[in-house]
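The entries follow in the order in which I made them.

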Amino acid sequence: MVGVTSCSDYLDIAPENKVPEEKVDFTKTDDMYQPVSGVYAKLRTGGMHWVIWPLSIVRDDDVWSGRIDDQAPLVDFGNFKYDNGFWGLKELWNQYYGMIKVANSAIESLEGYAENLTTEADKKTNRAYQGEVKILRAYAYYRLTQAFGPVTILRSNTQKDLTRSTLNSVNRYMLEDLKYAMENAPRKRPNQMEHKGAVTAYTAAALAAKINLNMGNYDEVERLTDDIIANGGFELYNDFYELFKIGSYCAVAIKWESWYNERRNAEKTSLDCSQLGRVGREWPCKASTRWMRLRLRNSMCSMLTLFIAFATAF
């Protein structure tokens, strides 16, 4: 007599950080953009935490008044003095790695959709969507390297080895993602995209130029920025004051922007017009902004300023 027993289903726990494939119908290709939207949503809900923005700009020297108030750890961080007990650094780490995990999952889902595509047009769209996700993933790594230097490259959400990579390895990994995006995402301005405000090949080129500038690859910086100038169709905004108002949304000067406006003492209403979300009032009453300025002199000896704008308002 042989008896066989089995455990109850209380041990059947769904794995974390993984799309439940049995619940996703990858033959419904009309839903193919949903994983991409999920990555934008993660940036809006996590990557725009209030403490992340001052951590991003405190070293810029163009917004600092000299006051410390109740944010001494932020001031210390701006002076390259690190406090491993500062909760803000933990928040930045968790939010951007959370964004990377969502991006990894989105790419896995897009690959699932790709297996069910039959036309070259649909396959091209799938590659373009993967390009968008890879731009956002590279952006998350860029922010992490700004704060921490060498960090772990999380190639899979089930990865067990979390050893930190060298900074050069992380830079190369970001540039691989951005190269894919430049080759597959649309060569358009964000305000020309089907999903208005989405990142494009030119967003990838601008971020790649910034990374190459940090690496000292000046010829590549010049090549990338010359392409943006010659072919991107971007223009400087004609009224700098108006640039900080909602009327400037997706202006031709913008490579990428993220708006968030919180209306105090009132119910929030989400306006889904940029995947990144805008909430609340007709216009911001106060704005804090993040401008990544990349200035370099080209062969014609003219100055170029590239702006990647990320604006929050409350």
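Entry 1. I began with helix α6 (residues 167-184) and helix α7 (residues 201-215), which pack at an angle of about 155° with their axes 9 Å apart. I note that the model is a predicted one.

Entry 2. I classified the angle. Angles over 145 degrees count as roughly antiparallel, and α6 and α7 are therefore roughly antiparallel to each other. I also looked up the handedness, and the crossing of α6 and α7 is left-handed.

Entry 3. I listed the residues that make the contact. From α6 I recorded Asn168, Asn171, Met174, Leu175, Leu178, Ala181 and Met182. From α7 I recorded Ala201, Ala204, Ala205, Leu207, Ala208, Ile211, Asn212 and Met215.

Entry 4. I then turned to the protein as a whole. It has eight helices and four strands. Read from the N terminus, the order of elements is α-α-α-α-α-α-α-α-β-β-β-β.

Entry 5. I looked up burial and surface. The protein has 314 residues, of which 46% count as buried. Its accessible surface comes to about 17,100 Å², and carbon and sulfur atoms account for 50% of that area.

Entry 6. Finally, I checked the sequence range of the contacts. Taking contacts between residues at least 6 apart in sequence, I found that 63% join residues at least 24 apart.

Technical notes:
Residues numbered from 1 in each chain as written. Predicted model: local features only at pLDDT ≥ 70, side-chain atom pairs only at ≥ 80, totals over all residues. Heavy atoms only, no water. Helix = DSSP H or I, 4+ residues; strand = E, 2+ residues; numbered from the N terminus. Buried < 20%, exposed > 50% of the residue type's maximum accessible area, 1.4 Å probe, protein only. Contact = heavy atoms within 4.5 Å. Areas by Shrake-Rupley, 256 points an atom, 1.4 Å probe, with all protein chains shown as cover. Axes fitted to C-alpha atoms, helices over the stretch in contact; angles between N-to-C directions. Parallel < 35°, antiparallel > 145°, perpendicular 65-115°, else oblique. Left-handed = near helix turned anticlockwise from the far one by under 90°.
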